[in-house]
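Please find below my note on the model under review. The comments are set out as numbered points for discussion.

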Amino acid sequence: DIRLDETGRIIVAGYFTDTNFQPDAIMARFTSSGALDTSCNGSGYVIQNLKTYDYISTVDRKSTRLNS
């Protein structure tokens with residue numbers, strides 16, 4: 001999922017499998033110029049370990065949260 005927030009920052013969210021073959025979700029926020037926005041979690045991204053049947057349903061444009 002890709003969204004723009006009200007200030008033009010780019011929010012990207014998706015899934016990947018970690019090195020232990022467990023599902024994870026990632027949300028990254030970029031500045032309007034395309035650089036990682038380190039004001040988001042200090043790194044520009046958030047990784048959330050998921051259970052087998054968890055998923056991302058929405059990206060909240062006003063925070064750095066993943067909603068499931």
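The points below take up confidence, overall architecture, the sheet and two residues.

1. The model is predicted, and its mean pLDDT is 81, with 75% of the residues reaching 70 or more. Confidence is highest in strand 3, at a mean of 89, and lowest in strand 6 (residues 66–67), at 48. Where pLDDT is low, the predicted coordinates should not be read in detail.

2. Secondary structure. The protein contains 0 helices and 6 strands. Along the sequence, the elements follow the pattern β-β-β-β-β-β.

3. An open sheet is formed by 4 strands in the order 1-2-3-4, with antiparallel pairing. Its edges are strand 1 (2–4) and strand 4 (45–49), each of which pairs on one side only. On average, neighbouring strands of this sheet are turned by 20° against each other, with direction ignored. The pairing of strand 3 with strand 4, antiparallel in sense, extends over 5 bridges.

4. Residue A25. This residue is placed in strand 3 (residues 23–30), and its bridge partner in strand 4 is Q48. Is A25 buried or exposed? With a relative accessible area of 1%, A25 is buried, because the value falls under the 20% cut-off. The C-alpha atom of A25 is separated by 7.2 Å from that of A13, a residue 12 positions away along the chain.

5. Residue R29. Strand 3 also holds R29. The relative accessible area of R29 is 7%, so this residue likewise counts as buried under the 20% cut-off. With which side chain does the side chain of R29 make a polar contact? The partner is the side chain of S39, and the contact is made at 3.1 Å.

6. The protein has 68 residues, of which 25% count as buried; A25 and R29 are both buried. Among contacts with a separation of 6 or more, residues 24 or more positions apart account for 31%.

Technical notes
Residues numbered from 1 in each chain as written. Predicted model: local features only at pLDDT ≥ 70, side-chain atom pairs only at ≥ 80, totals over all residues. Heavy atoms only, no water. Buried < 20%, exposed > 50% of the residue type's maximum accessible area, 1.4 Å probe, protein only. Polar contact = N/O pair within 3.5 Å; in protein donor to acceptor, adjacent residues only side chain to side chain. pLDDT = per-residue confidence, 0-100. Pairing = 2+ DSSP bridges. Axes fitted to C-alpha atoms, helices over the stretch in contact; angles between N-to-C directions. Contact = heavy atoms within 4.5 Å.
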